[in-house]
Amino acid sequence: MPDLKEATATADAAWQNDVRQGVRHVRDLERLPLSPAERAAAQAAAANHKVRAPKAYLDLIDWNDPADPIRAQVIPSPGELKQAEGELDDPIADHAFSPVPRLTHRHADRVLLFPTYQCAVYCRFCFRKESLTSIARGYTREALEPALAYISAHPEIREVILTGGDPLSLPDKALAEIAGRIEAIAHVRLLRIHTRVPVALPSRITPGLVAALQGRLMVTVVTHFNHAREITDATEAACRTLRLAGFVLLNQSVLLKGVNDSVEVLEELCRELMYRLGVKPYYLHHGDLARGMAHRRTTIAEGQALVEALRARLSGICNPVYVLDLPEGGGKVPIGPCHVEVRDGQRWRLRGLDGKARDYAEVVGEGEGAAVSRSDASGAS
Ligand SMILES: *Cc1c(COP(=O)(O)O)cnc(C)c1O
Ligand code: SF4
């Protein structure tokens, strides 16, 4: 039997190979069967947002299909070079709410922490592409000190969300160091990791990576699958490893025209996430105002029609919440269809999942006075 060290070395060699054989620089695209328009776009687009994808992800592309949904996510298209009026460099105002470098604090109980601005894959639709390009810094212990001091000094912070960049693009040693530092802050309860690695580089989910994250804190891994074609034996194995480690798995998707803007595609994605991977669909994001993404954005009305159909077809646990991250730091607000048609005092008219409207009259007692406390009154759950 190989010992742990040997097993770790084998596992690391597998993902390193996946990275090496993928696209790491624009020039690596020469090996791929791109159209002349894609080739030209890739050269120009790479100046704004790097081109990178591990072999495992590129292998999912059907090169005979110009509209392949995997291809659309990682290969620059000519549409990306057009900047539409109203698009923003910092679509969700990360910078306006950053009291110290590498940290965003917009909601009292949770912060975003940016240990690195690099990723295992560069997604064309990324809403942080401007930070990734302009900051382009990796992890160092010193760079995180001000952010960690800030978290220590703010006892209202309960969740630390590692995002970036992709935190799981870091080596095990760096992850263990970061997790250890956060764990040592007594008021922090939960460590959340937002990552594309289980999708784009599933071989990176090794026993060593899991061990680096395990400890006192509840760990939640928020994956980023956008299409059922990204769900494979390899991504299934990666998610199983994370689940067996005791981590809670959630997924956020971005609604992208030409990739997943159909009921059938979203339905299959959400079912397979939950039933095959054990990953709960959490958010479906309306496309952010990231530059050069007008060709991938749907209208909000189209998004609402899609999620209304999903709501009727999928179980509660398979349904994500459709949200829009408001500019100027307004936060993520649910923008799903409204089922309330009319309200007149305590009389409501509500549209059912079958599309038919029904009347509903509220029946609420007078209350029992001051003897009943607020928490008793809202008892059953
Ligand atoms: C998205 C986001 C969070 C996490 O929000 P949840 O709704 O808890 O997933 C926290 N802080 C910022 C600044 C965010 O953009
Ligand atoms: S992995 Fe995340 S941060 Fe990196 S390019 Fe993709 S969406 Fe952006």
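**Exercise 1.** At what angle do helix α6 and helix α7 pack, and how far apart are their axes?

*Solution.* The model is a predicted one. Step one is to locate the helices: α6 spans residues 141-152 and α7 spans residues 172-183. Step two is to read the geometry: the packing angle is about 20°, and the axes lie 12 Å apart. Step three is to classify the pair. Angles under 35 degrees count as roughly parallel, and α6 and α7 are therefore roughly parallel to each other. Finally, the handedness of the α6 and α7 crossing is right-handed.

**Exercise 2.** Describe the packing of helix α11 against helix α12.

*Solution.* Helix α11 comprises residues 263-277, and helix α12 comprises residues 300-313. Their packing angle is about 50°, with 10 Å between the axes. This angle makes α11 oblique to α12. As to handedness, α11 passes α12 in a right-handed crossing.

**Exercise 3.** Which residues surround ligand 2, and how are they divided by class?

*Solution.* First, list the shell: Cys119, Val121, Tyr122, Cys123, Cys126, Leu132, Gly165 and Arg196 surround ligand 2. Next, sort the residues by class: six are nonpolar, one is polar and one is charged. Lastly, consider the site: ligand 2 takes up the space of the largest pocket.

**Exercise 4.** Where does a cis peptide bond occur, and which residue other than glycine has a positive phi?

*Solution.* Begin with the peptide bond: glycine 164 and glycine 165 are joined in cis, with omega about 15°. Glycine 165 belongs to the loop between β3 (159-162) and α7, and this residue is also one of those surrounding ligand 2. Then turn to phi: arginine 102 has a positive value near 70°. Arginine 102 is placed in the loop between α4 (71-74) and β1 (103-107).

Terms used. Residues are numbered from 1 along each chain as its sequence is written. Chains are lettered from A and ligands numbered from 1 in the order in which they are written. This is a predicted model: local features need pLDDT of at least 70, side-chain atom pairs count only at pLDDT 80 or more; totals for chains, interfaces and linings use all residues. Side-chain values use heavy atoms; hydrogens and water are left out. A residue is near a molecule or strand if one of its heavy atoms lies within 4 Å of it. On a 1 Å grid over the protein atoms alone, a cavity is a set of points where a 1.4 Å probe fits but cannot get out, and a pocket is an open set with protein on both sides within 12 Å along at least five of seven lines; lining residues have an atom within 4 Å of a point. A molecule sits in a cavity or pocket if more than half of its atoms lie within 2 Å of its grid points. Ala, Val, Leu, Ile, Met, Phe, Trp, Tyr, Cys and Pro count as nonpolar, Asp, Glu, Lys and Arg as charged, and the others, Gly among them, as polar. Axes are lines fitted to C-alpha atoms, for helices over the stretch in contact, and angles run from 0 to 180 degrees between N-to-C directions. Helices (H or I, at least four residues) and strands (E, at least two) are DSSP runs, numbered from the N terminus. Angles under 35 degrees count as roughly parallel, over 145 as roughly antiparallel, 65 to 115 as roughly perpendicular and the rest as oblique. A crossing is left-handed if the near helix is turned anticlockwise from the far one by less than a right angle, and right-handed if clockwise.
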